[in-house]
Each structure stands twice: as structure tokens, then as C-alpha cells.
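The sequence and structure go first, then my notes.

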Amino acid sequence: MFDAADSDYGPRASAAQSPGSGADPARTARHNAVEELLRQAPVAEELARRFAASGFTLYIVGGSVRDALLGRLGGDLDFTTEARPEQVQALLEDWAETVWDTGIEFGTVGAYRRGVTVEITTFRADTYDRSSRNPEVAFGDSIDGDLFRRDFTVNAMAVELAERELVDPHDGLRDVIQQRLDTPATPEESFADDPLRMMRAARFAAQLGFEPAERVLEAMRRMADEIERITPERMQAELSKLLCGRHPRRGVELLVDTGLADHVLPELPAMRLEIDEHHQHKDVYLHSLVVLDQAVDLERAEDPEGEPDLTLRLAALLHDIGKPATRRFEPGGGVSFHHHEVVGAKMTRKRLRALRYSKDTISDVSNLVYLHLRFHGYGEGNWTDSAVRRYVNDAGHLLQRLHKLVRADCTTRNKRKARALQRAYDDLEARIRRIAEEEDLAKVRPDLDGNEIIELLGVSPGPVVGRAWRHLKDVRLDQGPLGREDAVAELYRWARAEGILPSADGPD
């Protein structure tokens, strides 16, 4: 039997230990799953009794069973039953602290009790017309029929709570033990019903470290263009979950190797640039995967229990997508990628918009891509305090992410060069801390605010005030804090030069 501790899932709780030496692995795993479910989710037994009293059978199902087997059961539990949605609602009303019916058209009723969220769905027997993006919802009458329509065998298990019986008609338990992804039906049937399941295979590889069965991989390669039937919003949701998994690189590799990335994120396979003996440079695609790995490592080193940073991971993956478009072969066999950060930021913005990411995510990721080269050249020793202030100001709230991205981008095999880059960035961070102690770098603003500018110049609110404010901010970045008297003098000097004030007005 697989060991959860060796699979990044942590040790099993004591209640889920094997029920005796010499037990067969499958029987032990069944015992572990059921006992872990009931130990961590006592509300499950409460619900089962309520449903049984009304003549219904209740099963905990899908990912909840899988996660119990892996020792990683969370506070969101999925159930299924033959009871119809309105009957489920009635059973939950005087039991749950909160009940909601936002998914009732799909047969799902949600509830919350004592820190646990439950979703109970009537057995489904959906049909697909193989051309539309959504199934025609139909209720089923059996647990076996419900499990057959699910995406992967590891998600096609249920525990019948009254009898504490594991229902596993498609050997999902075996696939969990072997850490394999396979489908209850043929992969072709499953993916034709819902092509998003191909991306879900890559997502589960990233989250769980499971490997798709060979027949699943073959079907993904043959059917990759079917993903075009899926809305950008659904693709974005799967991509985000994939990148926030424990093994995001593996998920990305599956997208690229199966051809799915050609439709979802075509800039990734485009980074696999041909390298010949005369024009040596890093493989941009492999380099980007290494940067992703290293960014995740830095993220976890800072906060091992923290939530995955989707913005950082997107930026790490996409930071060099401008290189193919800017590659130039130089005399003597060199290769250049001038301004690839500028081109890459534009490409990033365009792709993330197409995937319907939020405006904040698009702005943050594209800005990180744009800024990721700014540090290079610092080690030459020609950065003034003004340059350091501008680096901090331009990064803004992204500064800590930029620190991680720049460090992750150091993938050279030359240990001496790698140490020099790390020392240089250590020095930059130390200078940022020193200047921050002397000045409030987090809030670099002009020494005069907009109201003072209006009063001193005798102008109305409008573009002139904005231009004056930006000029004073630039001076503040270059010279540090001016103090009010010097700031007023600078404002008048600027206003005279711009023709806003006559040369006689204001102090020298």
C-alpha cells in the first residue's frame, strides 16, 4: 500500500491506521477511508441517520472519499442520494445552520453546520450532445449509474454511510494506491462528454502528483482540439487550480505534451526554441519551468502553510514569453532578446484577458513580467539611491513578489555566477531596507499634496495639478525628501519653466 507520508500528504491520523498487521492493502485502505471520514466528519453520520429515517440512503462521494484515503480530508464534503432536491432541502432545513439552493437546478443543495460545508446532490444520469458545452441534467436512480458518469476512477468512489461500505465499481481504490488517473468509461467517451476533463487530468497531476494512464494520455493527445468547445472562464478556473497545486510543473508539462496548451496557453509551447551549435542559449520553455519550480520553493520557504500565490506562479511561468518574438541572431553566433520584457508584458496582458482573468490579476502579472529584468545591471555598481527608490516605487505592492521572481529567475549552472547574482540581490534588498528606514518608501509621495499645489499656483483642479504632482514625485524619487520650503521653490521653478507662472512670480 502507498504511504501517504511519501506522497506529500502527511501522516495519517491515528484513527485511520491499519486495523492489524498482515491485512491486505485494499481492505486496509477501505477501512482507513471509512474511519477517516467518520472521524473527521461526524456530521456525516448525523446526516445519514436523518436520511435513513426518511427512507433515503446517503453516500459521501467523489473527492471527499479520495481525500480521506490520502489523509487530506478538508472541511467541504460532497454527498449523493436518491432523494430529490426538494426532499433534501426539507431534511436540511431544521438541521443546518445555513442552507442554500444556488445549485438546485443541477440537483445540488448546500448547507453549513459546525464548521463543515456540505453539498448534497441527487444521483445524476446526465446526457451530452457532444457539441454543446453543458450537459443536459437528468436525475438517476442508482449509485452505480452516478459513479459511472464521473471524470476519473479516483473520484468515482462512494461510502454508504449507514453500512460503512465502500462502493467502488471502477477500482478507484486501486488507482489511488497506484497514484494513477484513469476514467470509468473509455477516455474517448469521457472527454467527448466534457473536454474540460482533459485539463482536469493535468490539474489532478499538479495537485495530487498522480500520473495519467497511457490510454488517458493517448486520448488527450488525439482529442486536444476538443477543448475549444469549453468557455474561457472554465479553462481559466482549471488552469488556476493547476498552477496552485503542489506540483504545478507536472501539470504544465502535461498541457504542453498533449497539445492542450496549443489551445489554452499557446505561448508556452512557442517557447520551445530550436537551439543549434552556432546559436547557444537556454531552452526558454525548460528555463521557465525551472523558474516556476524555484518561485514555488521560495514561496513555501517564506510561509510553508500559506496559500499558493497564483500571481507569482503565473508571472514565473510567463516571464519570458516575449523571447520568441524578440530573438535575434547576432554576428559571431550570439543570440539577443532585446526588450522581451516589454513585448512579454503585452503578450501576458492579451492572453490573460482572453482567459477572463480579473483586471487586478492581469495588471499584477503583466507588471511583474515587465519588471523582471530591471534588476540586471545592479551588480555593476552604478545604481544610485534614486534608482533604488524608483525600483521600489515601480514595483509598488508587488515588491515582495518581484523579489521572489528575480531570485527564481537565476537558473545558471555556473555556481560562481549564481552566487554573484544572489549576493547582488541581497545587497539590493539591504539597500531598500536602509533607505526605507530613513524614508517611507512604501508611500513615496511629493512633499506637497494636490490642495497645496492648487493654492500655491492659484490654479483650478485639473491636468496642471496632475503634471505638477508627477514632477514633484519625480524630484522626490531622485533626491529623497525635500522639506516644504525646498518643495515650494521647486514647484515655482517648474511652473515658470512650463509657462504656468510668469517669471517674476514666486520665490527663487
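Ground rules. I am working on a predicted model, where local features need pLDDT of at least 70, side-chain atom pairs count only at pLDDT 80 or more, and totals for chains, interfaces and linings use all residues. I number residues from 1 along each chain as its sequence is written, and side-chain values use heavy atoms, with hydrogens and water left out. My helices (H or I, at least four residues) and strands (E, at least two) are DSSP runs, numbered from the N terminus.

Start of α22. This helix covers residues 450–457. I found a side-chain oxygen of Asp-449 within 3.1 Å of the backbone nitrogen of Asn-451.

Asp-364. I placed Asp-364 in helix α18, residues 359–371. Asp-364 is buried (under 20% relative accessible area, with a 1.4 Å probe and protein chains only; exposed is over 50%, partly exposed in between). I looked for a salt bridge (a side-chain nitrogen of Lys or Arg within 4 Å of a carboxyl oxygen of Asp or Glu). Asp-364 has none; the nearest side chain of opposite charge, Arg-401, is 4.3 Å away. For charge, I count Lys and Arg as positive and Asp and Glu as negative, leaving out His and the chain ends.

What does the side chain of Asp-364 join through a polar contact? It joins the side chain of His-397, at 3.0 Å. A polar contact is a pair of N or O atoms within 3.5 Å; within protein, one must be able to donate a hydrogen and the other to accept it, and residues adjacent in sequence count only if both atoms are side-chain atoms. Leaving aside residues up to four places away in sequence, I listed what Asp-364 touches (heavy atoms within 4.5 Å): Thr-311, His-397, Leu-398 and Arg-401.

Two loop residues. I found Glu-105 in the loop between β3 (98–100) and β4 (108–113). Glu-105 counts as exposed because its relative accessibility is 61%.

His-339 sits in the loop between β11 and α17 (340–354). I logged His-339 as exposed, since its relative accessible area is 56%. His-339 and Thr-326 are 13 residues apart in sequence, with 7.2 Å between their C-alpha atoms.
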